[in-house]
Amino acid sequence: VRLCAPFGATGVASYAVSAIDLALWDLKGKALGRPVYELLGGPARDEVVCYATGPQHEWHMELGFSGTKHPLVYGSSDGLDGLKRNVEELSGVRELVGPDIELMLDCWMALDVEYAVRLIEELRPLKLKWVEEILPSEDMDAHAQLRRRAPWQTLATGEHWYTPVPFQHAASHHLVDILQPDIQWVGGLTPLMRICALADAAGLAVIPHGGVNSPFGQHACYALPNIPWGEYFVAVTPGTDLADAAGVPGAAYPVNGRLQPSDTPGFGLEIDLSDLPPFA
């Protein structure tokens, strides 16, 4: 990270640092013959409870997930009509999944403070577990405004923050309630551990972005105490076995909304070199 400082340690540079950091953790686990979660102190729970992301909410319920996250469709530029459509969509999802399933909304940095406050107010009867990444990630002042103007709503963000620095600022100022670093973007497992420590000191939860879609996040979610939930993006069409969606060889996948990572050395990656085409 320090070597990247002259040109910036965020964005693509952080992606590269993440790959190196995760490779070193995998190497350490393989050298010691232990899964990475044991290097972190062992399991903090019997299994990782997962929620699903994507618009196929009925399918998510059939798969046994305890929560589902809906993508925002209409943004600030869609005006009052878009606001009403968002409320109608989310109301329909709540009716579909019922009152006993946690429901979240992912806005993917699309809104401004005024629209966000109006939307959150309209959605208040739906009892959303959280609203995620509402504002542009770098605008910390806007996050502070939203926190003041919508104190009742649980707020989550962080997948587009890099290195522990913005997480430290957000935690110390209590800008959000849930921090969502991506282990493959933020710099790897090493900064994720530091972010968890920062969050724990501030009384915040950490729920990594796409946390159980990769073996890396699976081991972190299994071992780090203040990660209460794992996010799983359902990338298959309804009726397709989740085993077919596991893109990384050796990656576990949720069964009835719960998951345990591989107990083989390192992250449990099982890449057969014979499957790779020869480099010409």
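This is a predicted model: local features need pLDDT of at least 70, side-chain atom pairs count only at pLDDT 80 or more; totals for chains, interfaces and linings use all residues.
**Pocket lining.** I started with which elements line the largest pocket: α1 (12-32) and α8 (189-202) each supply at least two residues of that lining. Helices here are DSSP runs of H or I with at least four residues, strands are E runs of at least two, and both are numbered from the N terminus. Residues are numbered from 1 along each chain as its sequence is written, and side-chain values use heavy atoms, with hydrogens and water left out.

α1 gives the most to the pocket lining, with 5 residues. I get a volume of about 250 Å³ for this largest pocket. Of its 14 lining residues, Val1, Val17, Asp21, Gly187 and Pro191 are the closest to the centre.

My rule for the terms: on a 1 Å grid over the protein atoms alone, a pocket is an open set of points with protein on both sides within 12 Å along at least five of seven lines, a cavity is a set where a 1.4 Å probe fits but cannot get out, and lining residues have an atom within 4 Å of a point. Points are joined across faces, edges and corners, and a volume is the space filled by probe spheres set on them.

By class, the pocket lining has 8 nonpolar, 4 polar and 2 charged residues. (Nonpolar covers Ala, Val, Leu, Ile, Met, Phe, Trp, Tyr, Cys and Pro; charged covers Asp, Glu, Lys and Arg; the others, Gly among them, are polar.)

**α1 against α8.** How do the axes of α1 and α8 cross? They come within 8 Å and cross at roughly 95° (axes are lines fitted to C-alpha atoms over the stretch in contact, with angles from 0 to 180 degrees between N-to-C directions). That makes α1 roughly perpendicular to α8, a label for 65 to 115 degrees. Asp21, Leu22 and Trp25 of α1 meet Leu189, Thr190 and Met193 of α8, where contact means heavy atoms within 4.5 Å. I sort that contact into 4 nonpolar, 1 polar and 1 charged.

**Cavity.** I count 1 cavity of 30 Å³ or more. About 70 Å³ of space lies in the largest cavity. Of its 13 lining residues, Ile134, His143, Leu146, Leu155 and Val176 are the closest to the centre. β4 (130-132), α6 and β5 (155-157) each supply at least two lining residues. The lining divides into 8 nonpolar, 2 polar and 3 charged.

**α5 against α6.** Next I looked at α5 (residues 113-123) and α6 (residues 140-149), which pack at an angle of about 30° with their axes 10 Å apart. That makes α5 roughly parallel to α6, the label for angles under 35 degrees. The contact is made by Val113, Ala116, Val117 and Ile120 of α5 and Ala142, Gln145, Leu146 and Arg149 of α6. I class these as 6 nonpolar, 1 polar and 1 charged.

**α4 against α5.** The axes of α4 (residues 79-97) and α5 come within 10 Å and cross at roughly 35°. α4 brings Gly79, Leu80, Gly82, Leu83, Asn86, Val87 and Leu90 to the contact, and α5 brings Tyr115, Arg118, Leu119, Glu122 and Leu123. This contact divides into 7 nonpolar, 3 polar and 2 charged.

How values were computed
Angles under 35 degrees count as roughly parallel, over 145 as roughly antiparallel, 65 to 115 as roughly perpendicular and the rest as oblique.
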